[in-house]
Amino acid sequence: MKRTGAGVVLAVVLGVAGCVSGPAETATTASVVDLDAGECFTDLDSEMVATMVACDEPHSSEVVGSSKPSVASDGEMIRACTKVAAEYAGAAWGVDPAFTVHAASSAFARTIVCFVTAIDEAEPLVGSVKGTRTHDGYRDSDGTVVEAAPVLLDAAQVGDCLVAEGMPKTLPADATFSRLPCSQPHDAEVVSVKAAMVTMTPPCTEDVTAYTGDEPPVTVRDSGWTANGTLVCLALVSDLITVSVRAPA
């Protein structure tokens with residue numbers, strides 16, 4: 001499999017995938033591109049053939065749906081599957097310690113298959129991830145919502161990724177946000193941290209341009225949060241992504 005971005009695997013199967021005889025749940029093995037949402041598997045090989053298992057048994061991955069992105073680029077496939085996974089799991093979560101999002105496609109096919117895979121091989125998934133995530137975190141095995149650890153806005157660092165949707169531009173001095181790896185779904189990235197009293201108008205445009213470069217991987221716009229005398233400049237995107245928008249060094 002080919003890694004693209006941080007923590008996300010984009011698997012492209014060359015050639016037309018073969019058909020699986022009989023229902024997928026009774027098959028011993030199957031090509032990932034032939035699977036439907038809610039089917040679970042393990043032991044994915046280099047040809048993207050998986051060993052099927054029941055979702056209530058320990059497994060490495062679960063198919064969460066499919067998509068037809070308008071452009072078959074790595075970035076568009078990742079973004080498409082991130083949205084599919086969020087809808088399937090219940091919400092666009094922040095930090096998720098259990099799994100990462102993946103995409104698989106066969107050659108000449110516009111439809112991609114989206115699946116999630118356990119981050120830690122020693123801790124496989126047990127049970128379906130459908131409906132287990134919330135906007136505040138994720139539901140533990142007993143149904144308890146586990147929230148992402150908050151971080152003071154003053155502690156923001158350049159390169160931090162976070163979910164900015166719904167946050168007001170001016171925050172109280174004790175405002176916090178959930179910092180998460182850029183490989184997890186997010187819609188904002190910190191590009192600079194400075195004193196709130198600045199003369200630039202708008203104050204973050206130049207910083208965002210310098211950080212993302214002339215050709216960022218996605219279309220970005222600038223914004224900023226102010227609190228406690230600190231201005232945190234952000235590169236914002238319209239959809240959740242799982243890659244950094246920082247320009248290559």
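Predicted model: local features only at pLDDT ≥ 70, side-chain atom pairs only at ≥ 80, totals over all residues.
Trainee: Let's start with α2. Which residues are buried there?
Mentor: Helix α2 covers residues 205-212, and its buried residues are Asp207, Val208, Tyr211 and Thr212.

Trainee: Where do they sit, seen down the axis of α2?
Mentor: They fall within an arc of 115 degrees, so they line one face of the helix.

Trainee: Why would residues three or four places apart point the same way?
Mentor: Because an α-helix has 3.6 residues a turn.

Trainee: And which exposed residues are on the face turned away?
Mentor: Glu206 and Ala210 are carried on the face of α2 turned away from its buried side.

Trainee: What comes just after α2?
Mentor: Gly213, which takes a positive phi of about 80 degrees.

Trainee: Salt bridges next. How many are there?
Mentor: The count is one salt bridge. Asp207 pairs with Lys194, and their closest N and O atoms are 2.5 Å apart.

Trainee: What does that pair tie together?
Mentor: Asp207 is in helix α2 and Lys194 is in strand β15, residues 186-195, so the pair links parts that are 13 residues apart in sequence.

Trainee: Is Asp207 buried or exposed?
Mentor: Asp207 is buried, at 18% relative accessible area; the cut-off for buried is under 20%. Lys194 counts as partly exposed, at 23%.

Trainee: How many residues apart are Ala85 and His102 in sequence?
Mentor: They are 17 residues apart in sequence, and their C-alpha atoms are 9.2 Å apart in space.

How values were computed
Residues numbered from 1 in each chain as written. Heavy atoms only, no water. Buried < 20%, exposed > 50% of the residue type's maximum accessible area, 1.4 Å probe, protein only. Helix = DSSP H or I, 4+ residues; strand = E, 2+ residues; numbered from the N terminus. Arc of directions from axis to C-beta. Salt bridge = Lys/Arg side-chain N within 4 Å of Asp/Glu carboxyl O.
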